[in-house]
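Subject: Structure for your review

Dear colleague,

Please find below the structure that I am handing over to you. My notes on what was found in it follow directly after it.

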Amino acid sequence: EIGNATEGQEITIEYCTKSSKELKEMKDIDLSKIKALPFQAQIKYVTLDGMRCVRLITKQQEVTFDKEEAKKEVDYKVISVNAIQKTAQLAKKGNYRQAQANAHHWGRMMTVSYTHLTLPTTPYV
């Protein structure tokens, strides 16, 4: 449960797929033929006048097996917001070591990924 949502609020979620080993062991999946993964989000909310609503968002996300190509498409703002929120949640629950490890992990991952990219000569505005 999130509470009141405002226009300026950012909410992120994490997801993961099964490991490559698990996927290879599945008889009905050919990894070489996968071109996209389906995603679906159900957002349940109550309007200011008390009406209960559900919004369903469905998307097919193209996949790549090229790590460098994937790095070029990363939205570091979204990843950093998620890392900050997850770290804060862990600390709020008293898991300070886990919060510190989470912050370190994401900081290192973003630094390593970001510094290997060829940056544009003019900044995005």
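The expected span of a helix is 1.5 Å times one less than its number of residues. Helix H3 has 17 residues and should therefore span 24 Å, and this agrees with the 24 Å between its end C-alpha atoms. Please bear in mind that the model is a predicted one.

Helix H3

At the start of H3, a side-chain oxygen of aspartate 75 comes to within 3.2 Å of the backbone nitrogen of lysine 77. After H3 comes glycine 94, which has a positive phi, near 90 degrees. The buried residues of this helix are Tyr76, Val81, Asn82, Ala83, Thr87 and Leu90.

Is asparagine 82 buried or exposed? Buried means under 20% relative accessible area; asparagine 82 has 11% relative accessibility and therefore counts as buried. Not counting residues up to four places away in sequence, asparagine 82 touches Thr12, Ile13 and Glu14.

Helix H4

Alanine 99 belongs to helix H4 (residues 96-115). This alanine 99 is buried, because its relative accessible area is 4%. Which residues does alanine 99 contact, leaving aside its neighbours within four places in sequence? They are Thr87, Leu90 and Ala91; of these, Thr87 and Leu90 are among the buried residues of H3.

The strands

Strand S1 (residues 36-46) and strand S2 (residues 52-62) run antiparallel and are joined by eleven bridges. One of the paired residues is valine 46, whose bridge partner in S2 is arginine 52. The hairpin of S1 and S2 has five residues between the strands, and glycine 50 in this hairpin takes a positive phi near 95 degrees.

Confidence

The protein chain has an average pLDDT of 81, and 87% of the residues score at least 70. Where is confidence lowest, and where is it highest? It is lowest in helix H2 (residues 67-72), with a mean of 81, and highest in S2, at 93. Over residues 118-125 the pLDDT is below 50, and this stretch has one contact in the model beyond near neighbours in sequence.

Yours sincerely

Notes: Residues are numbered from 1 along each chain as its sequence is written. This is a predicted model: local features need pLDDT of at least 70, side-chain atom pairs count only at pLDDT 80 or more; totals for chains, interfaces and linings use all residues. Side-chain values use heavy atoms; hydrogens and water are left out. Buried means under 20% relative accessible area, exposed over 50%, partly exposed in between (1.4 Å probe, protein chains only). Contact means heavy atoms within 4.5 Å. Helices (H or I, at least four residues) and strands (E, at least two) are DSSP runs, numbered from the N terminus. Two strands pair if DSSP finds at least two bridges between them. A polar contact is a pair of N or O atoms within 3.5 Å; within protein, one must be able to donate a hydrogen and the other to accept it, and residues adjacent in sequence count only if both atoms are side-chain atoms. pLDDT is the predictor's confidence in each residue, from 0 to 100.
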